Amino acid sequence: MLGQKNNRLDEPVALEESQVQFVGDEAAYLNPEAALETIRPIADYLAKHESVSLLLVGSTAGDITDESTLSLSQARADAVKKTLCDDLGIAESRIHTLGMGSSAPWHISNVGYDGAAASRNRNVTLISADTELAQSLMNNH
């Protein structure tokens with residue numbers, strides 16, 4: 001699952017809605033056990049690569065980025081962080097979160113709220129925190 005290059009996550013990897021489902025308009029997992037099993041390989045990777053820190057970027061469907069979508073996407077990224085840290089033992093200092101609503105650079109525009117493309121927009125994406133992209137996102141938001 002992890003697109004590692006030189007033992008890092010240099011490219012964004014999405015935890016898509018089909019892998020980690022959230023209750024509609026909430027940050028609670030629809031199926032907490034399934035979410036835990038999907039997130040577990042990330043914790044395993046981090047346990048083997050102790051120098052890697054991650055940026056988790058939450059995003060939402062639609063093309064509007066307002067306070068509610070930013071808040072929801074932040075809460076969902078925070079939920080994945082909580083799972084990694086509280087349930088799977090990863091140090092909180094290694095996980096950074098950012099809610100971007102529909103402003104994430106990989107967001108697919110003009111697809112609305114329904115269908116496969118909209119589903120791909122509703123996700124939490126992870127990337128090594130020391131990449132140029134992650135640093136840019138963290139510094140500009």
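Predicted model: local features only at pLDDT ≥ 70, side-chain atom pairs only at ≥ 80, totals over all residues.

Q: What is the volume of the largest pocket, and which residues lie nearest its centre?

A: The volume of the largest pocket is about 210 Å³, and of the 13 residues that line this pocket, Asp 25, Ala 61, Leu 72, Tyr 113 and Arg 122 lie nearest its centre. On a 1 Å grid over the protein atoms alone, a pocket is an open set of points with protein on both sides within 12 Å along at least five of seven lines, a cavity is a set of points where a 1.4 Å probe fits but cannot get out, and lining residues have an atom within 4 Å of a point. Grid points are joined across faces, edges and corners, and a volume is the space filled by probe spheres set on the points.

Q: How many cavities of 30 Å³ or more does the search find, and which residues line the largest cavity?

A: The search of the whole structure finds 1 cavity of 30 Å³ or more, and about 40 Å³ of space lies in the largest cavity. Its lining consists of Glu 17, Val 20, Phe 22, Arg 76, Arg 122 and Asn 123, which by class gives 2 nonpolar, 1 polar and 3 charged residues.

Q: Where does Asn 123 lie, and is Asn 123 buried or exposed?

A: Asn 123 belongs to strand β4 (residues 123-128), where helices (H or I, at least four residues) and strands (E, at least two) are DSSP runs, numbered from the N terminus. Asn 123 is buried because its relative accessible area is 5%, given that buried means under 20% relative accessible area, exposed over 50% and partly exposed in between (1.4 Å probe, protein chains only). Although Asn 123 and Ala 14 are 109 residues apart along the chain, their C-alpha atoms are separated by 6.4 Å. Leaving aside residues up to four places away in sequence, Asn 123 touches Ala 14, Leu 15, Glu 16, Val 57, Gly 58, Ser 59 and Trp 106, a contact being heavy atoms within 4.5 Å.

Q: What can be said of the phi angle of Asp 25?

A: Most residues other than glycine have a negative phi, and most peptide bonds are trans. Phi of Asp 25, however, is near 55 degrees, a positive value in a residue other than glycine. Asp 25 sits in the loop between β1 (13-15) and α1, and counts as exposed because its relative accessible area is 71%.

Q: How many salt bridges does the search find?

A: Side chains of opposite charge can pair when their charged atoms come close. The search of the whole structure finds 2 salt bridges, each defined as a side-chain nitrogen of Lys or Arg within 4 Å of a carboxyl oxygen of Asp or Glu. In one of them the side chains of Arg 40 and Glu 37 meet at 2.9 Å, N to O; these residues are 3 residues apart in helix α1 (residues 32-48), and are therefore separated by about one helical turn. Lys 82 forms a salt bridge with Asp 86, with the closest N and O atoms 3.2 Å apart, and these residues are separated by about one helical turn because they are 4 residues apart in helix α2.

Definitions and conventions: Residues numbered from 1 in each chain as written. Heavy atoms only, no water. Nonpolar A, V, L, I, M, F, W, Y, C, P; charged D, E, K, R; others polar.
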